[in-house]
Amino acid sequence: MRTTRIVPIVVLLIIAGGCGDQRTVSTEPGQLSPMLDQASPANPGSKITFFSFRDVGFEVYVMNSDGSQQTRLTEQPGFDGFPAWSPNGRKIAFSSNRDGNREIYVMNADGSEVTRLTNNPAFDDQLAWSPDGRRIAFQSFRDGNGEIYVINADGSEPTRLTDNPAADNFPDWSPDGRKIAFNRTDGSGDANIYVMNADGSELTQLTSGTARDRAPAWSPDGRQIAFHSSPDDDFLHTEIYVMNADGSARTQLTLGPLNDAFPTWSPDGTKIAFGISTDGSFEAFDTYVMNADGSDLVLVATKAANPDWGRGHLLVP
Ligand SMILES: [Ca+2]
Ligand SMILES: [Ca+2]
Ligand SMILES: [Ca+2]
Ligand SMILES: [Ca+2]
């Protein structure tokens with residue numbers, strides 16, 4: 001069905017809503033070093049990367065997790081978005097159409113040394129690093145509908161992990177590296193969270209029902225998966241949920257008429273950052289942070305979509 005191909009893109013554009021300007025940015029003492037390359041215990045590297053239309057087009061940015069020191073990393077006319085930290089915090093992968101169609105790229109965390117990893121006329125997007133930093137999972141339409149692929153971090157050995165007429169997208173690797181969660185959208189527009197082994201075997205459906213469950217994000221301890229869903233089957237109203245990694249104990253964390261989407265966990269698992277879009281476009285997403293139980297919601301950055309919270313400080317450089 002035609003909608004199979006269209007839905008994942010449409011969903012990205014449709015997530016809508018509105019939010020009051022309750023900016024309560026907290027500024028903590030001891031700002032982080034801008035030398036992101038030096039990920040180490042001494043440099044917490046608690047950074048969030050995101051993309052925004054605020055300046056010259058869709059570009060990739062980085063900021064401290066409190067919203068301070070927002071810095072643009074890309075600058076070119078085309079789309080640059082969906083950034084994701086490498087596990088050690090030294091690189092950021094992202095997608096861009098700078099070479100004519102959407103491809104996966106990687107750059108240093110300061111924006112230097114941009115390298116293209118894919119080269120295919122199809123739409124390649126929505127990426128996630130393996131915890132060992134050796135591979136990147138992403139969504140590609142190169143076989144006609146959304147599938148999850150994986151490449152080595154240098155772009156070699158593209159391998160298809162899913163093969164289904166539905167649209168598979170938004171992969172996220174489990175912290176132990178053994179599994180990949182993603183969402184599958186069928187021809188009716190329904191979406192559910194699935195998990196499979198990192199080689200594509202042993203596919204398991206974690207959610208069901210008419211609510212459209214998307215964008216899974218594993219907690220750092222691997223026990224839970226956050227995601228966004230439309231509880232009333234309405235694209236224009238999504239909320240943040242969390243469930244156990246086996247699909248049990250589904251819990252709604254946010255409540256309201258707005259569009260809360262694309263969660264990412266803090267490195268210590270105590271907080272979740274996500275976006276709220278005010279008019280249905282990625283241009284309108286603001287990034288908020290809340291406690292992992294849904295309490296203490298704080299706006300940290302306006303015009304900041306699809307946050308990804310780096311975990312590089314957890315690793316020895
Ligand atoms: Ca751009
Ligand atoms: Ca491509
Ligand atoms: Ca598919
Ligand atoms: Ca569903």
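I looked up the order of an open sheet of 4 strands and found E12-E13-E14-E15, with antiparallel pairing. I noted that its edge strands are E12 (167-173) and E15 (204-205), each of which pairs on one side only. This is a predicted model, in which local features need pLDDT of at least 70, side-chain atom pairs count only at pLDDT 80 or more, and totals for chains, interfaces and linings use all residues. Residues are numbered from 1 along each chain as its sequence is written, while chains are lettered from A and ligands numbered from 1 in the order in which they are written.

I recorded the terms in use. Strands (E, at least two residues) and helices (H or I, at least four) are DSSP runs numbered from the N terminus. Two strands pair if DSSP finds at least two bridges between them.

I then examined E13 (residues 179-185) and E14 (residues 191-197), which run antiparallel and are joined by 7 bridges. Lys-179 has Asn-197 in E14 as its bridge partner.

Next I turned to E22 (residues 285-291). I found 5 of its 7 residues buried (20 or more other C-beta atoms within 10 Å of the residue's own, with C-beta atoms placed from the backbone; 12 or fewer is exposed, in between is partly exposed).

I traced the partners of E22. Strand E21 (residues 271-277) pairs with E22 in the antiparallel sense over 7 bridges, and Ser-277 stands opposite Phe-285. Strand E23 (residues 298-301) is antiparallel to E22 and joined to it by 3 bridges; Val-289 has Val-298 in E23 as its bridge partner. I noted that E22 and E23 form a hairpin with 6 residues between them, and that Gly-294 in the turn has a positive phi of about 95°.
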